[in-house]
Amino acid sequence: MRRWAASALADLGEDHLTAVLLAATELVTNAYDHGGGPRRLRLHRDEDPCRIHLEVDDDSALKPMLTDSTPGDRRGRGLRIVNAVAHDLGSRHSPDGGKTVWATINCAVYGWDPCPTPPSPEV
């Protein structure tokens with residue numbers, strides 16, 4: 001999953017790509033640990049400002065919760081990590097009884113190097 005995402009987003013700035021990969025890893029891991037495994041990972045890119053919106057679907061209807069974990073805890077830090085790098089984080093129920101957990105990583109929020117502007121299509 002990380003190789004696929006890194007390849008799909010290879011032109012992001014290094015900090016932005018690292019944050020996206022970290023968030024994706026944590027959301028997919030949470031789907032395995034709490035949702036019966038991920039059903040789908042989606043990435044959507046907005047160009048201006050450069051934002052990556054990622055979504056992970058799983059089979060659990062239980063809403064994810066931020067816990068009061070500390071760095072020394074063995075578990076329970078995943079959503080805290082995602083929340084630290086994401087501009088926005090949330091979840092929504094799926095009509096089939098599962099849920100989608102999503103995060104938006106925006107390079108402009110943290111002052112990271114901006115993403116390269118793709119070339120304009122030739123007309």
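**Entry 1: pairing of E2 and E4.** A reminder to myself before I start: this is a predicted model. I began with strand E2, residues 51-58, and found it joined to E4 by eight bridges, the two running antiparallel. For a landmark I picked Asp-57, which stands opposite Thr-100 in E4.

**Entry 2: the partner on the other strand.** Next I looked at strand E3, residues 88-93. Six bridges join E3 to E4, and this pair is antiparallel too. Which residue does Arg-92 stand opposite in E4? I found Thr-100 there. So that I can find the spot again, I noted both partners of Thr-100: Asp-57 and Arg-92.

**Entry 3: the turn.** I followed the chain from E3 into E4 and saw a hairpin with five residues between the strands. Gly-97 sits in that turn, with a positive phi of about 100°.

**Entry 4: E4 itself.** Is E4, residues 99-106, mostly covered or mostly open? I found it mostly covered, with eight of its eight residues buried. I then checked each face of E4. Lys-99, Val-101, Ala-103 and Ile-105 are buried on one side. Thr-100, Trp-102, Thr-104 and Asn-106 are buried on the other.

**Entry 5: the nonpolar core.** I turned to the largest nonpolar core, which has 27 residues. Leu-12, Val-20, Leu-27, Leu-54 and Ile-105 touch the most other members. The elements giving two or more residues to this core are H2, E2, H3 and E4. H2 gives the most, with nine residues.

**Entry 6: a closer look at Leu-27.** I left aside the neighbours of Leu-27 within four places in sequence and listed what remained. Leu-27 is in contact with Leu-54, Val-56, Leu-79 and Val-82, and also with Val-101, Trp-102 and Ala-103.

**Entry 7: the largest pocket.** Last, I looked for pockets. The largest has a volume of about 520 Å³. Its lining is made of 24 residues, and Asn-30, His-34, Gly-76, Gly-78 and Leu-79 lie nearest its centre. Helix H2 (14-34), E2, helix H3 (78-85) and E4 each give two or more residues to the lining. Which element gives the largest share of the lining? I found H2, with seven residues. By class, I noted nine nonpolar, seven polar and eight charged residues in the lining.

Methods. Residues are numbered from 1 along each chain as its sequence is written. This is a predicted model: local features need pLDDT of at least 70, side-chain atom pairs count only at pLDDT 80 or more; totals for chains, interfaces and linings use all residues. Side-chain values use heavy atoms; hydrogens and water are left out. Buried means under 20% relative accessible area, exposed over 50%, partly exposed in between (1.4 Å probe, protein chains only). Helices (H or I, at least four residues) and strands (E, at least two) are DSSP runs, numbered from the N terminus. Two strands pair if DSSP finds at least two bridges between them. On a 1 Å grid over the protein atoms alone, a cavity is a set of points where a 1.4 Å probe fits but cannot get out, and a pocket is an open set with protein on both sides within 12 Å along at least five of seven lines; lining residues have an atom within 4 Å of a point. Grid points are joined across faces, edges and corners, and a volume is the space filled by probe spheres set on the points. Ala, Val, Leu, Ile, Met, Phe, Trp, Tyr, Cys and Pro count as nonpolar, Asp, Glu, Lys and Arg as charged, and the others, Gly among them, as polar. A nonpolar core is a set of buried Ala, Val, Leu, Ile, Met, Phe, Trp, Tyr and Cys residues joined through side-chain atoms within 4.5 Å. Contact means heavy atoms within 4.5 Å.
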